Amino acid sequence: MKPKLLRSLTVCYVIAVAIQIAWYVACAGHLTASESLLGWMPKAYSPPLIARVVGLCLLLISAIGIRYPIAAAASVTATAFGIARYSAELEWAWVNAFQFSVILNAAVALTLNPQLHSSWSRFRQKHFTTGVLLAGVMVWAIVSEVLAIAFQSGEPGPKHHVLRIIESVILCAVIVTSITDFKRFVVVVAVAIFALGATFLQLNRLEHASDFAFAAAPLSCLVAGTTSALSAAYVVPGALLSLLLASASFLTANRAANVGWALTMTCLVVVRIRSVRAWAVLGILIAVSSVVAYQSPLRPRIEEWVDHGWSTTTLASRIEFWKSSLSQTPNRLFTGFGPGRGGQEMSKDLHLNKWRATHNSLLEMLSEQGVIGLLLWCCLLFSALKTCLLKLRRETAYERAMAMGIGAYLLAMLVASMAISRHDDPRLFWAIGCAFAMNTARFDTIRRPEIAS
């Protein structure tokens with residue numbers, strides 16, 4: 001890019017960010033939330049002062065990415081992990097495009113950063129397929145949305161929308177570009193943990209915290225996996241931090257997230273120890289986890305079923321969701337019903353008064369975006385897992401540590417997503433971005449630590 005053109009675009013970008021901040025400051029105190037989207041939101045909601053201050057800081061930090069790439073990564077990470085899903089803050093972030101503004105600001109800032117032009121070029125040349133997959137996921141979501149509108153497939157539900165998929169893909173690209181070495185990886189992980197802690201402080205009731213558990217459990221696996229592949233000095237603080245995250249997840253009673261955590265942590269033990277005893281522990285844990293998952297009682301959220309005296313377990317209710325979703329799929333096998341519309345036909349079939357998600361990422365992707373969308377999503381996810389597997393045998397301990405940690409995170413999310421819909425979760429794409437970043441990051445400039453025995 002020519003220097004004169006770059007300067008002109010930079011000036012335009014600064015002006016655009018200034019307009020965003022001015023609008024944000026002027027309007028943040030007057031935003032309201034609609035009770036129709038999520039029943040437990042207050043009807044008239046105004047973000048507290050601390051939320052407005054944090055939002056302003058995130059907008060500014062995302063813009064600083066034009067000079068410091070790690071600032072862009074920190075801003076999108078804090079946005080992804082720092083907004084409670086079951087809260088009015090989330091609707092405020094969606095309806096008023098706050099989250100999208102932060103992520104888009106970071107992406108544009110990195111595009112205008114002269115230092116990253118070579119990194120972009122290197123990534124496009126060496127990892128063209130990854131870029132195509134990311135673009136394909138986003139483009140097909142838009143195509144699916146257009147088809148849904150054209151064929152009048154209904155309005156998208158409150159939890160999933162095409163905008164969230166676009167945000168997630170852009171966030172993934174920002175993380176891929178920003179993480180250029182192990183130290184920057186540590187920075188974004190620290191920001192994720194700090195932002196998640198801030199989310200925990202927003203929770204008024206733990207039964208509304210399943211989304212928090214879905215982030216805390218994989219982060220626990222990431223920390224444990226990363227530190228276990230480094231020197232012994234990292235293992236103790238890493239284990240304590242991992243235990244803290246896991247404990248916070250357990251308090252929320254999210255069975256899907258915690259079963260994913262349990263199986264992933266056991267797999268880490270198997271990888272590190274490779275003994276018959278470890279395999280025995282894995283078998284026992286799978287059996288115990290299965291019994292706990294199946295016997296867990298249904299929370300009184302599906303009032304229609306509870307009122308009619310249907311005594312069932314959480315897993316049994318999900319099986320009803322899955323059977324209904326599969327029966328509806330052939331109607332739109334290739335294109336789906338459109339992003340956010342997957343659970344509507346299921347809810348009608350089961351005579352539910354309130355819209356419900358499918359509670360299975362694979363089935364929800366199939367229902368919303370058809371076979372094409374499901375294949376694109378699976379290829380992207382398993383491409384990231386493949387990258388982690390290939391890096392496990394690298395000479396640099398930092399590469400192995402990142403591969404172990406990120407792979408554990410993705411595995412925990414994959415297990416949990418079989419019982420709860422998270423195909424468009426920004427934090428899933430955050431981990432995918434971390435995985436792909438290993439292909440362009442440099443590790444030869446960091447002193448190699450002693451490998452833990």
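Guide: One term to start: buried means under 20% relative accessible area, exposed means over 50%, and partly exposed is in between (1.4 Å probe, protein chains only). Of the 453 residues of the chain, 56% count as buried.
Visitor: What kind of model is this?
Guide: This is a predicted model, where local features need pLDDT of at least 70 and side-chain atom pairs count only at pLDDT 80 or more, while totals for chains, interfaces and linings use all residues. Residues are numbered from 1 along each chain as its sequence is written, and side-chain values use heavy atoms, with hydrogens and water left out.
Visitor: And what's the mean pLDDT of the chain?
Guide: The mean is 78, and 76% of the residues reach 70 or more. pLDDT is the predictor's confidence in each residue, from 0 to 100.
Visitor: Where is confidence lowest, and where is it highest?
Guide: Helix H4 (residues 88–95) is lowest, at a mean of 54. Helix H19 (residues 426–437) is highest, at 94. Over residues 32–43 the pLDDT is below 50, and this stretch has 27 contacts in the model beyond near neighbours in sequence. Contact means heavy atoms within 4.5 Å. Residues 449–453 also stay under 50. Where pLDDT is low, the predicted coordinates should not be read in detail.
Visitor: How many helices and strands are there?
Guide: The chain has 19 helices and zero strands. Helices (H or I, at least four residues) and strands (E, at least two) are DSSP runs, numbered from the N terminus.
Visitor: Pick a helix. How far does H18 reach?
Guide: H18 covers residues 397–416, which is 20 residues. From its first C-alpha to its last it reaches 29 Å, close to the 28 Å expected at 1.5 Å a residue. The expected span is 1.5 Å times one less than the number of residues.
Visitor: Is H18 enclosed or open, and why?
Guide: It is largely enclosed by the rest of the structure, because 18 of its 20 residues are buried.
Visitor: New topic. How many salt bridges does the structure hold?
Guide: Six. A salt bridge is a side-chain nitrogen of Lys or Arg within 4 Å of a carboxyl oxygen of Asp or Glu. One of them pairs Arg164 with Asp425 (3.7 Å, N to O). Arg164 lies in helix H8 (residues 162–178) and Asp425 in the loop between H18 and H19, so the pair ties together parts that are 261 residues apart in sequence.
Visitor: What does Ser101 touch?
Guide: Leaving aside neighbours within four places in sequence, Ser101 is in contact with Gln20 and Leu59. Ser101 sits in helix H5 (residues 98–111). With a relative accessible area of 18%, Ser101 is buried.
Visitor: Last one. Is Val53 buried or partly exposed?
Guide: Val53 is partly exposed, at 41% relative accessibility. Its place is in helix H2 (residues 49–64).
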